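Subject: Structure handover

Hi,

Here is the structure I promised to pass on to you. Have a look at it first, and then read on for what I found in it.

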Amino acid sequence: MAINEKMLEEILNKYPAKVKRNRKKHILIRDSAQEIQEIEANTRTIPGIITNRGCAFAGCKGVVLGPLKDMVHIVHGPIGCAYYSWLTRRNKARADEPKQNFLAYCVSTDMQESDIVFGGEKKLARMIDEVVEIFKPNAITISATCPVGLIGDDIQAVARAARAKHGLNITAYSCEGYKGVSQSAGHHIANNGLMENIIGEGDWEEPPSKYTINILGEYNIGGDSWEVERILNEIGYEIQVVMTGNGSYEKLKNAHVAQLNLVQCHRSINYIATMLETKYGTPWLKVNFIGIRATIETLRNMARYFGDEALIKRTEEVIEKELAEIEPQLEPYRKICANKTAFCFVGGSRGHHYQGLYEELGVTTVLAGYEFAHRDDYEGRDILPNIKADADSKNIPDLHVAPDERRYRLKIPVERMEELKQDIPLNNYKGMIDDMADGSIVVDDLNHYETEEFIKIFKPDIFSSGIKDKYIPQKMGIPTKQLHNYDYSGPYAGFRGAVNFARDIAMGFATPTWNFIVPPWKDQPLLEGTIENCTANTCVEEVAT
Ligand code: CFM
C-alpha cells in the first residue's frame with residue numbers, strides 16, 4: 001500500500017506538538033518531481049523516544065578502531081562498556097605473519113568506585129605496561145568511556161608518557177559515549193586519530209604495484225571484505241590496507257602510497273578519504289560491493305580510473321566468470337523473492353547499499369533510512385556547504401590537514417580527473433534519496449512507535465534492521481534480516497555474497513514460522529489515545545488524587 005501526506009500526518013499527530021514538528025523534518029515521501037528534498041539528520045534524539053542509535057565510544061572503538069587486529073585496544077572504563085564491544089560486531093580477521101591478532105581479547109581497565117573517586121590514570125598506565133609485556137602488540141589504542149571524561153582523567157598525557165617509555169605507537173581517543181548525538185561522532189574522532197598518529201608513519205615512498213589501492217569503510221562483517229579482496233586480487237589489484245576490517249597497524253601506516261582509495265561506507269570514513277586527498281593527492285572513489293549490479297559498476301569504474309586497456313579487459317573477464325558461477329545459484333531464490341517488499345533501515349550506509357541487491361532479487365524497498373547518518377548520506381555531498389554546524393557537531397573539530405611537502409603526488413592529471421568526475425563518483429557521493437522510488441518513505445532515526453505504524457501501512461514482507469529493532473516486526477509476524485552483523489551469516493558482499501544473501505532472505509520468506517504468529521493488531525482492539533502537553537497544574541492534581 002502506498003502512503004500519502006495525510007497518513008503521515010496521522011502518524012505524527014500522536015506526538016506532542018513540539019515532538020511532531022521535530023520528527024516531521026526527519027521523514028519524507030520520495031517525490032522525484034521536487035528538485036530538492038531536504039531531510040534533517042545527525043541531530044539529538046528526543047528524550048523519551050527509544051532510538052536504535054549507539055554512542056560515540058561504540059563508533060570509535062567498536063566500529064573504526066576495533067577491527068585493527070595487530071593492536072591491543074584498551075577500553076578505559078568500567079567492565080560493562082568493554083564487554084559489549086567484545087567482537088559482537090563480527091568484524092572478522094585472520095592473523096598475518098608474524099602472528100599478531102588480538103581481536104579475541106577484551107582488554108579493559110575495569111574501573112572501580114575507588115578509581116572513579118581518586119582517578120584512573122595510574123591504573124591505565126599500569127595496564128599499558130602489562131599489555132606490552134604480555135602481548136607485545138604492534139601498537140595500542142586507548143578509548144575512553146563516559147566516566148573517564150566526567151572525572152577528567154588525562155588519557156592523552158598517559159598515552160604520551162607510555163609512548164616515550166615503550167617506544168610504541170600508543171594513542172588515546174577521547175571518545176566518551178556522550179561526545180555526540182550518536183556513534184557518528186566516534187567515527188570522526190577515530191578518523192582524526194588514525195590520520196594524525198598512524199597513516200603516513202610508515203617509510204614507504206612508492207606503491208608496491210601498478211594498481212595499489214586502499215579500501216576504506218569496509219569492516220569485514222561476516223567476511224565481506226574477504227570476498228571483495230578475492231575479486232579485486234583476481235583482477236590484479238594490490239590492496240595495501242582495508243580500513244579497518246581485517247586491517248592492521250603494519251599496513252595502515254603505509255596507506256599513503258595507494259593510487260586510489262575506495263570508499264564503501266561513506267558515513268564512517270569520509271573524513272579520512274578527504275584528508276588523504278588533501279595530504280597525499282590520492283582521489284577517492286565511492287564504491288558499493290553490495291549487490292551484483294553495484295559490484296560490476298564499481299569494478300568498471302575502478303578500471304576506468306586507471307584507464308589501462310589490459311586492466312579493463314581483465315575486469316570484464318572476471319565479471320563474466322563470476323556471473324556464470326552465481327546466476328544459476330540465484331535462480332531458485334529469485335523465484336521465492338519475486339514481488340516482495342522490504343524496509344531497509346540500518347546505521348549509516350547499508351540502508352542505501354542493500355536496496356540494489358534487494359531490487360535484483362525482485363524485492364522493492366518501500367521504506368529506508370539511517371540511524372545516524374548525516375544529510376550528505378541522504379541528499380549527496382553537494383549539500384555539504386549548506387549544512388550548518390551545531391554545537392554537537394562542533395564538539396569534534398575537523399583536523400587541519402595540508403599537502404605533505406615530500407609525499408604529495410597528483411595521481412592523475414587534473415584535466416583527466418575533471419573528465420572522469422563527469423562519469424564516475426570520484427570524490428563524490430550522491431546519497432540515498434536519489435536512488436529511491438517515488439512514494440517510498442525516507443526516515444531518519446526511525447523509532448519503535450514509527451516502526452509499528454509504518455509496518456501497519458506498508459505490511460512489508462521483510463524488515464532489515466539491527467538487533468534492537470528486529471523484535472518488533474518479528475512479533476508482528478514479519479521476517480527480519482539483521483543487516484548489521486548478519487545474524488551469524490555472510491559474507492553478503494560481492495558476487496558470492498549476493499548468493500548467500502538471496503539464500504538467507506528466501507529462507508525468511510519460505511519458513512512457515514510466520515504463519516503461527518498473529519500480530520496483536522490483527523485480533524485485539526487497539527488502545528487509541530493522544531499524548532497531551534503537560535500543564536503544571538494537571539500533573540500535580542493527578543498525583544494528589
Ligand atoms: Fe558504516 Fe558499517 Fe554502516 Fe557504520 Fe554501524 Fe556496521 Fe551499520 Mo551496524 S560502519 S555506517 S557504525 S556500514 S556497526 S559495519 S552495520 S550501524 S550501516
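Before the first helix pair, a word on the angles: axes are lines fitted to C-alpha atoms, for helices over the stretch in contact, and angles run from 0 to 180 degrees between N-to-C directions. Please also keep in mind that this is a predicted model.

With that settled, how do H10 and H14 pack? Helix H10, residues 224-235, lies against helix H14, residues 309-337, at an angle of about 135°, and their axes are 9 Å apart. The crossing of H10 past H14 is right-handed. On the H10 side, the residues that make the contact are Arg230, Ile231, Glu234 and Ile235, and they meet Leu311, Arg314, Thr315, Val318, Lys321 and Glu322 of H14. Sorted by class, this contact has five charged, four nonpolar and one polar residue.

Helix H6 covers residues 121-135 and helix H8 covers residues 155-166; their axes come within 10 Å and cross at roughly 35°. Here too H6 passes H8 in a right-handed crossing. From H6, the residues Glu121, Leu124, Ala125, Ile128, Asp129 and Val132 meet Ile155, Val158, Ala162, Lys165 and His166 in H8. By class, this contact holds seven nonpolar, three charged and one polar residue.

Next, the ligand. Which residues come closest to it? They are Arg89, His187, Cys265, Gly348 and His484, out of 15 residues that surround the ligand. The shell around the ligand is made up of seven nonpolar, six polar and two charged residues.

As for annotation, an unreviewed UniProt entry lists residues 55-507 as "domain: Nitrogenase/oxidoreductase component".

Met243 and Thr244 are joined by a cis peptide bond, with omega about 0°. Thr244 belongs to strand S7, which covers residues 238-244. Another cis peptide bond links Gly490 to Pro491, where omega is about -10°. Pro491 sits in the loop between strand S14 (480-482) and helix H21 (494-510). Asn42 is a residue other than glycine with a positive phi, near 55°. You will find Asn42 in the loop between strand S1 (27-29) and helix H3 (56-65).

Finally, take a look at Arg94, in the loop between helix H4 (79-83) and strand S3 (107-108). What does Arg94 touch beyond its neighbours within four places in sequence? Its contacts there are Lys69, Asn101, Trp226 and Asn246. Lys69 is 25 residues away from Arg94 along the chain, and their C-alpha atoms are separated by 8.1 Å.

Conventions:
Residues numbered from 1 in each chain as written. Predicted model: local features only at pLDDT ≥ 70, side-chain atom pairs only at ≥ 80, totals over all residues. Heavy atoms only, no water. Helix = DSSP H or I, 4+ residues; strand = E, 2+ residues; numbered from the N terminus. Left-handed = near helix turned anticlockwise from the far one by under 90°. Contact = heavy atoms within 4.5 Å. Nonpolar A, V, L, I, M, F, W, Y, C, P; charged D, E, K, R; others polar. Near = heavy atom within 4 Å. UniProt positions renumbered as here; feature names shortened; annotations may be inferred.
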